[in-house]
Amino acid sequence: MQFEIQAHRGARAFFPENTIPAFCRAAALGVRVIELDLVVSRDEMLVVSHDPWITGPLCSGPDGMPLDRSAKERHLIYQMDYDEIARFNCGLADPAFPQQQSVHAFKPLLSDVFRDVDASMQADGRCKPIVFNLELKSWPHGDGKLHPSPDSYAAIVSALLDSLTMASRVRVQSFDRRLLAAVWRRSPGLCFGLLVDDFNHFDPFPWEAGFVPAYVNPYFPLLTPELAAELHEQGVQIIPWTVNREEDMLAMKRMGADGIITDHPELALQISELTA
């Protein structure tokens with residue numbers, strides 16, 4: 001199987017994270033999989049956003065004034081309808097990416113990302129469809145405040161994917177096992193991934209009868225050759241995050257990873273040992 005390169009929140013070296021320009025640029029680079037983050041609005045829309053709030057330094061308010069980090073509690077996405085969310089500009093350049101270009105961009109709906117990335121691919125004459133790796137943002141302490149309960153959240157996700165017939169082109173990943181299990185109960189045919197940032201809390205599979213995720217995606221320093229071999233023995237693939245340096249990308253492949261999630265797909269695609 002070819003080593004997989006996933007564009008983390010789009011092509012962040014070029015455009016602000018989780019924006020349609022970033023996703024379209026990632027597709028134009030030639031990646032097969034785009035990773036993005038999802039939260040839920042008050043009117044139960046799936047909104048592409050890493051955080052469950054709108055804040056600086058990447059966003060400005062409807063009045064055009066930059067927001068500071070203290071705006072979290074004032075602009076919780078789950079407490080706002082989408083038409084209000086779309087009035088915020090979240091295309092300000094991230095200082096962590098010096099070459100990034102600011103754009104006027106609101107937090108898009110997942111359905112709009114599917115539509116616009118596909119349209120961009122068609123315009124470029126690219127026929128192979130993009131796969132979308134959807135990270136569902138959810139925390140046990142956030143139920144009812146930052147997002148719906150797992151069952152309600154799962155119903156929203158499954159209903160949208162069914163209505164758009166996108167099930168074959170998505171993966172669903174999360175740190176929240178409760179939510180993954182809830183989505184699996186509604187849509188067992190989806191491809192699932194477990195995000196892991198601490199293997200001290202990692203329990204053996206299965207968590208529920210019949211449910212083993214197709215992927216375990218760890219924070220990249222946690223991966224060892226022994227862990228890769230153990231997971232592969234269980235039929236589970238491994239895509240570590242977030243791997244940004246060339247030496248770390250090559251190390252992940254040597255250890256047995258099946259791919260990487262990276263902020264720099266443009267770099268990964270240039271490394272011949274990864275793309276061979």
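The points below go from the overall fold to the surroundings of one serine.

1. The model is predicted, and its secondary structure consists of 9 helices and 9 strands.

2. On overall dimensions, the C-alpha atoms of the protein fill a box of roughly 55 × 40 × 35 Å when this is taken along the principal axes. The radius of gyration is 18 Å, which agrees with the value near 19 Å that a compact globule of 276 residues would have.

3. As for packing, 55% of the 276 residues count as buried, and among the contacts that join residues at least 6 apart in sequence, 58% link residues at least 24 apart.

4. The accessible surface of the protein amounts to about 12,100 Å², with 52% of that area belonging to carbon and sulfur atoms.

5. Where in the chain does Ser60 sit? Ser60 is placed in the loop that runs between strand S3 (46–48) and helix H2 (82–85). Although it belongs to a loop, Ser60 counts as buried because its relative accessibility is 6%, whereas the cut-off for that class is under 20%.

6. Which residues does Ser60 contact once its neighbours within four places in sequence are left aside? The contacts of Ser60 are then with Met65, Pro66 and Leu67, and also with Phe88, Asn89 and Leu92.

How values were computed: Residues numbered from 1 in each chain as written. Predicted model: local features only at pLDDT ≥ 70, side-chain atom pairs only at ≥ 80, totals over all residues. Heavy atoms only, no water. Helix = DSSP H or I, 4+ residues; strand = E, 2+ residues; numbered from the N terminus. Rg over C-alpha atoms; globule rule 2.2 N^0.38 Å. Buried < 20%, exposed > 50% of the residue type's maximum accessible area, 1.4 Å probe, protein only. Contact = heavy atoms within 4.5 Å. Areas by Shrake-Rupley, 256 points an atom, 1.4 Å probe, with all protein chains shown as cover.
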